[in-house]
Amino acid sequence: MKKIISVGLVLLGGLLLHWPSVFANEGSIAFVGARIIDGTDAAPLEDGVIVITDGRIRTVGPRSAVTLPAGTQQIDVSGKTIIPGLINAHGHVGGTLGLEGGHYNTENLERQLSLYARYGVTTVNSLGGDEAQGFQLRDSQYSADLERARILVSGSVVVGNNEAAVRSAVNSNADMGANFIKVRVDDNLGNTSKMPQNLLEALVDQAHIRRLPVAVHLFYQDDAKFVLNAGADLIAHSVRDEAVDQQLISLINDKDVCYIPTLTREVSTFVYESEPFFFADPFFLKEVEPAILATLREPERQSRMRNSSSAQQYKAALEVAMANVGTLSNNGVKIAMGTDTGPAARFQGYFEHMELQMMVDSGMSPLDAIRSATGVAAECINAGDIGTLEPGKWGDLVVLNENPADNIENTKTVDSVWIAGNEVPGN
Ligand SMILES: [Zn+2]
């Protein structure tokens with residue numbers, strides 16, 4: 001879809017250097033005639049109108065009830081469906097280039113945030129590996145000329161062998177302005193040792209002294225119970241060792257903590273043992289670099305993964321994880337869509353759509369999955385000004401050709417993506 005620009009604006013703009021960034025989003029634009037799924041519990045609204053003024057949503061309502069401000073640019077989206085921009089509550093941004101880590105810089109951050117944006121993922125909560133350049137991009141994004149995905153940052157994953165070291169690491173991230181404190185509680189299938197419990201308690205204590213929430217990478221149900229009792233604020237992966245029990249469900253709900261399944265993280269550990277189904281999906285192929293595809297197709301590489309015991313253990317863990325998503329969702333736990341994309345071969349943008357599909361395969365309804373990736377995710381990452389299509393929120397939205405409430409796969413029918421009312425280039 002092309003942005004509609006009035007003749008007068010073009011004439012005026014032609015007189016000014018850099019006029020598109022000055023005028024890209026001045027005044028009001030209105031999306032007219034779409035079905036609107038707003039990211040809240042509300043039923044989809046048919047034949048709706050969304051008005052965005054200076055980057056923020058001004059009005060949402062049925063066509064018959066909305067009066068457009070004078071001079072509004074109208075975009076006809078009849079027959080289409082609008083959802084809020086998707087939020088990935090657990091990603092990593094800026095480090096990977098091709099299939100290689102260690103490339104953290106502003107250019108790579110911007111490239112990846114633009115990639116997420118073209119796929120309709122308009123916010124990424126980066127849970128670790130964040131350096132100064134990521135913090136700078138976070139600080140500069142609350143502006144009406146934004147065209148790439150928003151990022152929240154956690155700084156470095158906290159490690160330390162004693163209490164002083166752990167508290168100091170939390171303070172370093174807090175001093176930089178982190179949104180979350182991230183910690184790993186995992187023995188990597190029995191191959192490493194976990195952070196001792198007394199240090200985890202000190203970490204949570206120090207984070208809360210600094211008024212920051214703690215996001216926990218974990219694998220085992222017992223660890224989930226421990227960190228919840230210690231005051232953790234966000235479960236950043238699925239429990240994958242056993243079926244979740246009533247004690248855990250009650251703990252999560254009593255403490256009002258969100259749970260991020262990251263099912264596609266598990267997929268990435270084994271799926272390249274043979275040719276993945278998505279290597280035939282145009283929605284994947286439109287962004288992937290051919291060299292990466294060629295590497296992942298190497299028979300020697302595939303056979304190494306096939307013979308990897310950890311890959312096969314994670315494959316089994318995925319079954320447990322999916323069953324647990326269904327159980328937790330049925331029991332009212334707040335599930336936030338998150339993928340752990342960013343590391344090599346966890347494809348940013350595409351995997352978020354696969355995650356939504358897998359959440360539905362785990363037992364969630366399409367509308368619940370969409371809420372998990374919009375309104376609920378925003379609440380889970382403490383981002384009050386995005387996530388739903390309501391007045392006052394940033395104008396971050398995705399126009400879809402088909403209705404995702406009918407079939408979650410329709411989130412892939414992206415017509416256009418808008419951030420702060422600006423059309424994301426490249427779709
Ligand atoms: Zn992660």
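The exercises below, each with a worked solution, concern a predicted model.

In this predicted model, local features need pLDDT of at least 70 and side-chain atom pairs count only at pLDDT 80 or more, while totals for chains, interfaces and linings use all residues. Residues are numbered from 1 along each chain as its sequence is written.

**Exercise 1.** Describe how helix α5 packs against helix α6.

*Solution.* Begin with the elements, which are DSSP runs numbered from the N terminus (helices H or I, at least four residues; strands E, at least two). The axes, lines fitted to C-alpha atoms over the stretch in contact, with angles from 0 to 180 degrees between N-to-C directions, come within 9 Å for α5 (residues 163-176) and α6 (residues 197-209), and they cross at roughly 35°. Next, list the contact residues, for which C-beta atoms placed from the backbone must lie within 7 Å: E163, V166, R167, V170 and N171 of α5 meet L199, A202, L203, Q206 and A207 of α6.

**Exercise 2.** Decide whether G71 is buried or exposed.

*Solution.* First locate G71, which lies in the loop between β3 (56-62) and β4 (73-76). Then apply the cut-offs for C-beta atoms, placed from the backbone, within 10 Å of the residue's own (buried at 20 or more others, exposed at 12 or fewer, partly exposed in between); G71 is exposed because it has 10 C-beta neighbours inside 10 Å.

Conventions: Two residues are in contact if their C-beta atoms, placed from the backbone, lie within 7 Å.
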